[in-house]
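Q: Could you take me through how buried residues and packed helices are read from a model, one feature at a time?

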Amino acid sequence: MQWSMGVPALKGRLFRLVDVLPALPDRDAVLGHLKEYLAEPAHGANGRGHASQADMLVRLMRLAPPLLGARHTLRGRLSAAAVVRSARRLARRFIAGQTVEEAVQSALRLRSRRLAFTLDLLGEKVLSEREADAYAAAYLSLIRGLTEAAGRWPGDPLIDQADGGRRMPRVNLSIKLTGLYSQFDPLAARRLSDAVIARLGPILREARRLGAFIHVDMEHDEVKDLTLDLFERIAADPAFADWRDFGIVIQAYRMDSPADLDRVIALARRRGTP
């Protein structure tokens, strides 16, 4: 897996596997998902006349599914076990922990290196309103646990202060709005907006009360404009219009990002809040 990180197409598939891994019931399911991801059309050749590392990995991706072995065979079970071990090692680089306490320890390790952080919850895809409620409740728990711990952390002006000496929140969380409503469909924008805000409002109020920063994360193309619409509506709400510790992610690689930035700048000017 470490070697494969040099090929963007393969790296993306492995991250998808890491994300779904906790929901897979057994190693047969792990092996099935791995084969499906590797069997997708591969793009990674560099266009030159000789085989590069990326070229070889792309060829291996085409050969890998049959080499991994069939389910219920020794080779298949060993392949699945190796994938689980490698994914866990890889996940430790990017996943702060499974509990608030583990997230606190990960944050402290970053602060010891004079690094700030933003955290979010994995598994944000929700299929029911009960799951959306649980997702919102998990953020409330994370905000409370992290801010309580952050109050005891030694200060560090490099990461705790902005220009001019203004104090920066030590706790920074990112949230995906699709996790707050099970029917996140742009065709039902008004109903969706009301449902998302009903769950997001308590999170923002608690973050403001406890001094945490909240980022609205940007997601896939189909919901980008709707995410901006929701952010704009919330940021202009009188309850939050003077709150400065609230932001949104803009994906700089997109061709339409300059227009999105202009929109956010115009919103900031209307709010009159730094």
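A: Let us begin with a single residue in this predicted model: Glu 206 has a relative accessible area of 11%, which is under 20%, so Glu 206 counts as buried.

Q: Where does Glu 206 lie, and which residues does Glu 206 touch?

A: Glu 206 belongs to helix 8, and, leaving aside residues up to four places away in sequence, Glu 206 touches Leu 140, Ile 143 and Arg 144. With Arg 144 there is a polar contact from side chain to side chain, at 2.8 Å, although the two residues are 62 residues apart in sequence, with their C-alpha atoms 8.1 Å apart in space.

Q: Which residues of helix 6 are buried, and what do the buried residues of helix 6 pack against?

A: An α-helix has 3.6 residues a turn, so residues three or four places apart point the same way. In helix 6 (residues 129-150), the buried residues include Ala 132, Tyr 135, Ala 136, Tyr 139, Leu 140 and Ile 143. The buried residues of this helix pack against helix 5, strand 1, helix 8 and strand 2.

Q: How is the packing of helix 9 with helix 10 described?

A: Two packed helices are described by the angle between their axes and the distance between the axes. For helix 9 (residues 224-236) and helix 10 (residues 257-271), the angle is about 10° and the axes are 11 Å apart. Because angles under 35 degrees count as roughly parallel, helix 9 is roughly parallel to helix 10. Their contact has eight charged, five nonpolar and no polar residues; among them are Asp 225 and Phe 231 in helix 9, and Arg 263 and Leu 267 in helix 10.

Key:
Residues numbered from 1 in each chain as written. Predicted model: local features only at pLDDT ≥ 70, side-chain atom pairs only at ≥ 80, totals over all residues. Heavy atoms only, no water. Axes fitted to C-alpha atoms, helices over the stretch in contact; angles between N-to-C directions. Helix = DSSP H or I, 4+ residues; strand = E, 2+ residues; numbered from the N terminus. Parallel < 35°, antiparallel > 145°, perpendicular 65-115°, else oblique. Contact = heavy atoms within 4.5 Å. Nonpolar A, V, L, I, M, F, W, Y, C, P; charged D, E, K, R; others polar. Buried < 20%, exposed > 50% of the residue type's maximum accessible area, 1.4 Å probe, protein only. Polar contact = N/O pair within 3.5 Å; in protein donor to acceptor, adjacent residues only side chain to side chain.
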